[in-house]
Amino acid sequence: MTINEIQDEIIDEFSGFDDWMDKYQLLIDLGNEQAPLDEKYKTESNLIDGCQSRVWLQCDYEEGKLRFTAESDALIVKGIIALLIRVLTDHTPQEIIDADLYFIDRIGLKDHLSPTRSNGLLAMMKQMKMYALAFKAKEI
């Protein structure tokens, strides 16, 4: 699936809920479904700067595609990073660099996060794009 097809799928899933409490519950469920991050990746270098919660992000390059794994100590943040991973994992560095992550606005996530969580979301997206840039540079 393309990045945009995955985003459209997420938009459809969230559009089934009118109440934001239900959407938060969906985020929490998505975070809980995510496999725990291997302890060896819970290092200072994998912590994302700019997040109020602790978020560890690991990126591996396999057969020309990036594979992200992550964990957070906050339930909603864990769900947010699970969504980002779902959208961006198994895509090439160039696809990730070029991606417009429009699903965040379309599901209303940006409007329903505290300012510190919004900053954390931006920091997570920025870190994932930085990994893509770094691996893209290695390809050349």
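## Salt bridges, hairpin and main pocket

The structure holds six salt bridges. The model is a predicted one.

| Salt bridge | N to O distance |
|---|---|
| E13 and R86 | 2.5 Å |
| R67 and E62 | 3.0 Å |
| K42 and E39 | 3.3 Å |

E13 and R86 form a salt bridge with their closest N and O atoms 2.5 Å apart. E13 lies in helix α1 (residues 3–15) and R86 in helix α3, so this pair ties together parts that are 73 residues apart in sequence. E13 is partly exposed, at 30% relative accessible area, and R86 is also partly exposed, at 25%. A network of salt bridges links E9, E13 and R86.

In the pair of K42 and E39, K42 is partly exposed at 26% relative accessibility, while E39 is exposed at 56%.

R67 belongs to β2 and stands opposite D60, but the side chain of R67 meets that of E62 in a salt bridge. R67 has a relative accessible area of 32% and E62 one of 39%. Strand β1 (residues 55–62) runs antiparallel to β2, and eight bridges join the two. The strands form a hairpin with two residues between them, and E63 in the turn has a positive phi of about 50 degrees.

The largest pocket has a volume of about 180 Å³. Its lining includes L30, F68, L83 and R86. Helix α3 (75–88) and strand β2 (65–72) each supply at least two lining residues; the largest share, four residues, comes from α3. By class, the lining has eight nonpolar, two polar and one charged residues.

Conventions:
Residues numbered from 1 in each chain as written. Predicted model: local features only at pLDDT ≥ 70, side-chain atom pairs only at ≥ 80, totals over all residues. Heavy atoms only, no water. 1 Å grid on protein atoms, 1.4 Å probe; cavity = no way out; pocket = protein on both sides within 12 Å on 5 of 7 lines; lining within 4 Å. Points joined across faces, edges and corners; volume = space filled by probe spheres on them. Nonpolar A, V, L, I, M, F, W, Y, C, P; charged D, E, K, R; others polar. Pairing = 2+ DSSP bridges. Salt bridge = Lys/Arg side-chain N within 4 Å of Asp/Glu carboxyl O. Buried < 20%, exposed > 50% of the residue type's maximum accessible area, 1.4 Å probe, protein only.
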